[in-house]
Amino acid sequence: MRKRAAALLSLLFFSSWTGGHAQWAKIYGESRAEVPSQIRQTSDGGFIIACTSTGSLWLLKLLFTGEIEWQKRFDLNVSNPDIQQTSD
């Protein structure tokens, strides 16, 4: 079965199997208006998400269970970040 993922402006993120059966659903974020710009599945089955808001970039790495593995916020004004997994 192939996994699917989706995000909305409030950063509601869910993972489901093909066929629509939800695996998990979580809400991430603070009071800022984070907009998910890019979502990629990682080699460990988790996800990395790049979110932008006014004057900042927020990266978060999710485990395959939806739990946050790490997150980092940068004071950058970018509108379309490009994220890629690296070996390190």
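In what order do the four strands of the open sheet stand, and is their pairing parallel or antiparallel? This is a predicted model, and in it the order is β4-β5-β6-β7, with antiparallel pairing. The edges are β4, residues 35-41, and β7, residues 68-74; each of these two pairs on one side only. On average, neighbouring strands of the sheet are turned by 15 degrees against each other, with direction ignored.

Strand β5 covers residues 47-53 and strand β6 covers residues 56-62; the two run antiparallel and are joined by seven bridges.

Is L62 buried or exposed? Its relative accessibility is 0%, and buried means under 20%, so L62 counts as buried. Q41 lies 21 residues away from L62 along the chain, and the C-alpha atoms of the two are 9.3 Å apart.

Last, the pocket. The largest one has a volume of about 210 Å³. Which residues line the largest pocket? They are T42, S43, D44, I48, K61, E69, W70, Q84, Q85, T86 and D88. By class, the lining has five polar residues, four charged and two nonpolar.

Notes: Residues numbered from 1 in each chain as written. Predicted model: local features only at pLDDT ≥ 70, side-chain atom pairs only at ≥ 80, totals over all residues. Heavy atoms only, no water. 1 Å grid on protein atoms, 1.4 Å probe; cavity = no way out; pocket = protein on both sides within 12 Å on 5 of 7 lines; lining within 4 Å. Points joined across faces, edges and corners; volume = space filled by probe spheres on them. Nonpolar A, V, L, I, M, F, W, Y, C, P; charged D, E, K, R; others polar. Pairing = 2+ DSSP bridges. Axes fitted to C-alpha atoms, helices over the stretch in contact; angles between N-to-C directions. Buried < 20%, exposed > 50% of the residue type's maximum accessible area, 1.4 Å probe, protein only.
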